[in-house]
Amino acid sequence: MCFELDSLPPVPVIAGAAVSHEDLELEAADGTSFAAFHASPDDRADVGVVVLPDVRGLYRFYEEVALRFAERGYRAVAIDYFGRTAGVAKRDDDFPYREHVDQTTQAGIQADIRAAVDFLREQGCRSIFTVGFCFGGSSSWNAAAASHGLAGAIGFYGRPSRVERVADIAAPILALMGGADEAIPREDVEAFDRALTDAGVEHEIEIYDGAPHSFFDRKYEQFAEASADAWSRVLGFLEKYSRA
């Protein structure tokens, strides 16, 4: 489990920002309906972000992440992974996410990501990025090899061992990792760095010494500096690789 259910992203709310939001049901190419949360600035947004949650799927933390992007002028859609096995209804805190995670496939996840990408394109976004956390981090990097036409793929503490086709990655990569992450050995991160280099993929990997898995959490005040730097790098990455 990555975040506690009452956790919040460590990103300041921009008071007074003109933002709209709504619950959505999107449909993947295989006919699966799944839940999503859409946040957008009231002004035109040319850049879109698909937010990929941790193993529990869509819940408040990731809706808040989407809102933080919208406050900064980006259109964002946070998606759920479990439409095929759990439907689209809202879930309580006792949702047995693990049994549903075990039934996911990368093909299904990428089909859902594609539906979110297509939705953002329909809203007028010309540059689209994925931003994932933990389970969603590696899915974000995999999305860069799935022919979605992404402008870039960002992952917070994803498992490099879950990245299936490094040689097919067709977008810049940003990886934000905890140096004290007991679930992801530093050697795996360094091997991912070398593999991206060997494949000629433009990338940036930042390891925050002493930071654990899921450090990007308002509760972790001792890692506030790492979180602030990570968020700054995310915004810088979006700005750098957005297509005019």
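**Salt bridges, burial and a charged patch**

Let's start with a pair: Lys90 and Asp23 are both exposed, where exposed means over 50% relative accessible area, buried means under 20%, and partly exposed is in between (1.4 Å probe, protein chains only). Quick housekeeping before I go on. This is a predicted model, so local features need pLDDT of at least 70 and side-chain atom pairs count only at pLDDT 80 or more, while totals for chains, interfaces and linings use all residues. Residues are numbered from 1 along each chain as its sequence is written, and side-chain values use heavy atoms, with hydrogens and water left out.

Back to that pair. Lys90 makes a salt bridge with Asp23, and the closest N and O atoms are 3.5 Å apart. The two partners come from distant parts of the chain, 67 residues apart: Lys90 is in the loop between helix H2 (83-86) and helix H3 (97-101), and Asp23 is in strand E1 (residues 19-27). When I say helix or strand, I mean DSSP runs numbered from the N terminus: H or I with at least four residues for helices, E with at least two for strands. And a salt bridge here is a side-chain nitrogen of Lys or Arg within 4 Å of a carboxyl oxygen of Asp or Glu.

Arg114 bridges to Asp118, with the closest N and O atoms 3.1 Å apart. Both of these sit in helix H4 (residues 106-122), 4 residues apart, about one turn of the helix.

Arg165 has 40% relative accessibility, so it counts as partly exposed, and Asp168 is partly exposed at 42%. If you like networks, look at Arg60, Glu64, Arg68, Glu71 and Arg72, which are linked together by salt bridges.

Staying in that part of the chain, let's look at Val65, in helix H1 (residues 60-71). Is Val65 buried or exposed? Buried, because its relative accessibility is 2%. Leaving out residues up to four places away in sequence, Val65 touches Pro9, Val51 and Phe133, where contact means heavy atoms within 4.5 Å. Val77 is 12 residues along from Val65, and their C-alpha atoms are separated by 9.6 Å.

Now on to helix H5 (residues 135-143). Here 9 of the 9 residues are buried, so the helix is largely enclosed by the rest of the structure. Among the buried ones are Phe135, Trp141 and Asn142, plus a run of serines at Ser138, Ser139 and Ser140.

Ser147 is exposed, with a relative accessible area of 64%. Tyr157 also has a positive phi, near 40°, and it's found in the loop between E6 and strand E7 (173-178). Tyr157 is at 0% relative accessibility, so it counts as buried.

Last stop, helix H6 (residues 186-198), which is where Glu187 is found. At 52% relative accessibility, Glu187 counts as exposed, while Asp188 is partly exposed at 33%. And if you want a sense of distance, Asp188 and Asp42 are 42 Å apart, C-alpha to C-alpha, and 146 residues apart in sequence.
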